[in-house]
Amino acid sequence: MAVVFQKPKALTDAPLHYCPGCTHGIIHRLVAEAIDALGVEGKAIGVAPVGCSVMAYDYFSCDMVEAAHGRAPAVATGLKRAFPENVIFTYQGDGDLASIGMAETVHAAARNENITVIFVNNAIYGMTGGQMAPTTLPGQVTQTSPYGRDVKTAGYPIKVSEMLSTLDGPEYIERVAVNSVKNVKAAGKAILKAFKNQVEGKGFSLIEVVSTCPTNWGLTPNDALKWVDENMIPYYPLGVYKDKSAQKEEK
């Protein structure tokens with residue numbers, strides 16, 4: 001019998017611990033499929049910091065390194081410089097990457113470090129109880145913004161892809177989502193390209209993945225997917241924000 005669908009080799013057999021409706025599992029699979037497609041499982045090293053992504057080392061069959069909160073790009077930089085032939089990726093949430101880790105992210109991008117960053121944006125701090133994150137939408141209710149995010153006191157959400165695309169350094173920045181079959185397919189292509197860029201030595205690639213957090217949003221899994229379409233994507237438009245190689249080809 002022909003096999004038409006199976007678990008990627010780059011994923012372990014460990015059952016996922018994520019909440020029902022959480023799309024971390026989909027993103028894990030897409031990362032693993034990219035690793036499989038490029039045949040780099042034996043030399044891939046993932047960096048998992050603090051937050052819901054802290055358990056990623058249980059699920060990827062490649063080597064994994066634990067980083068302090070926000071420091072994954074710095075750790076990944078050290079790993080890539082020490083082991084330039086390895087494929088180094090970080091897997092980070094918005095609270096980690098866009099808050100305490102913003103400096104590491106910006107400077108790794110500015111230096112065009114040859115690493116791949118998978119940035120999961122679900123507009124909230126997930127593991128620690130649902131507090132307001134740097135990406136929380138205006139008016140969005142969280143544990144620390146019970147009346148909704150007030151931009152007068154908390155400021156506006158940080159649009160990471162747009163911000164990093166203004167830098168000269170990064171090779172490739174794209175925002176995708178995983179709330180529909182169409183979007184999942186597009187996300188898979190983007191993640192594969194980000195890893196391929198590293199293999200080809202092109203430099204820093206970041207894929208921002210608009211994701212769900214049904215538990216802390218207080219929604220059912222189905223309603224969370226709809227909330228992404230109705231609220232997240234309008235504020236965080238999907239698309240390629242920077243692709244230096246494509247720009248060179250156009251010229």
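Helices (H or I, at least four residues) and strands (E, at least two) are DSSP runs here, numbered from the N terminus. On that numbering, Asn112 lies in the loop between helix 4 and strand 4. Please read every point below with one caution: this is a predicted model.

1. **Backbone at Asn112.** The phi angle of Asn112 is near 55 degrees. That is a positive value in a residue other than glycine. Asn112 is partly exposed, with a relative accessible area of 22%. The cut-off for buried is under 20%, so a value of 22% puts Asn112 in the partly exposed class.

2. **Backbone at Ala123.** Ala123 also has a positive phi, near 65 degrees, and it is not a glycine. Ala123 sits in the loop between strand 4 and helix 5 (151-154). Is Ala123 buried or exposed? Its relative accessibility is 0%, so Ala123 counts as buried.

3. Cys22 is in no disulfide; its nearest cysteine sulfur belongs to Cys52, 6.4 Å away. Cys213 is in no disulfide either, and the nearest cysteine sulfur is again that of Cys52, at 6.2 Å. Cys213 is buried, at 8% relative accessible area.

4. **Cys62.** This cysteine is found in the loop between strand 1 and strand 2. With a relative accessibility of 8%, Cys62 counts as buried. Which residues does Cys62 touch, leaving out those up to four places away in sequence? They are Glu41, Ala44, Gly46 and Phe89. Lys189 lies 127 residues from Cys62 along the chain, and their C-alpha atoms are separated by 21 Å.

5. Side chains of opposite charge can pair when their charged atoms come close. The structure holds nine such salt bridges.

6. Arg71 counts as partly exposed, with 29% relative accessibility.

7. **Glu113 and Arg81.** The N to O distance in this salt bridge is 2.5 Å. Here too the pair links distant parts of the chain, 32 residues apart. Glu113 is in the loop between helix 4 and strand 4 (116-121), and Arg81 is in helix 2. Glu113 is buried, with a relative accessible area of 6%, whereas Arg81 counts as exposed at 57%. Arg81, Arg111 and Glu113 are linked in a network of salt bridges.

8. **Lys202 and Glu200.** This salt bridge has an N to O distance of 3.2 Å. Both partners are partly exposed. Lys202 has a relative accessible area of 30%, and Glu200 has 42%.

9. **Helix 2.** Which residues of helix 2 are buried? They are Ala72, Pro73, Ala76, Thr77, Leu79 and Lys80. An α-helix has 3.6 residues a turn, so residues three or four places apart point the same way. The buried residues of helix 2 pack against strand 1 (44-48), strand 2 and strand 3 (87-93). They also pack against helix 4 and helix 7 (181-199).

10. **Asn183.** This residue is found in helix 7. Asn183 is buried, with 14% relative accessible area. Leaving out residues up to four places away in sequence, Asn183 touches Ala177, Val178, Ile233 and Leu238.

11. **Largest pocket.** About 200 Å³ of space lies in the largest pocket. Its lining is made by 17 residues. Val50, Gly51, Cys52, Gly93 and Gly126 lie nearest the centre. Which element gives the most to the lining? Helix 3 (residues 94-100) does, with three residues. By class, the lining has six nonpolar, nine polar and two charged residues.

Notes
Residues are numbered from 1 along each chain as its sequence is written. This is a predicted model: local features need pLDDT of at least 70, side-chain atom pairs count only at pLDDT 80 or more; totals for chains, interfaces and linings use all residues. Side-chain values use heavy atoms; hydrogens and water are left out. A disulfide is a pair of cysteine sulfur atoms within 2.5 Å. Buried means under 20% relative accessible area, exposed over 50%, partly exposed in between (1.4 Å probe, protein chains only). A salt bridge is a side-chain nitrogen of Lys or Arg within 4 Å of a carboxyl oxygen of Asp or Glu. Contact means heavy atoms within 4.5 Å. On a 1 Å grid over the protein atoms alone, a cavity is a set of points where a 1.4 Å probe fits but cannot get out, and a pocket is an open set with protein on both sides within 12 Å along at least five of seven lines; lining residues have an atom within 4 Å of a point. Grid points are joined across faces, edges and corners, and a volume is the space filled by probe spheres set on the points. Ala, Val, Leu, Ile, Met, Phe, Trp, Tyr, Cys and Pro count as nonpolar, Asp, Glu, Lys and Arg as charged, and the others, Gly among them, as polar.
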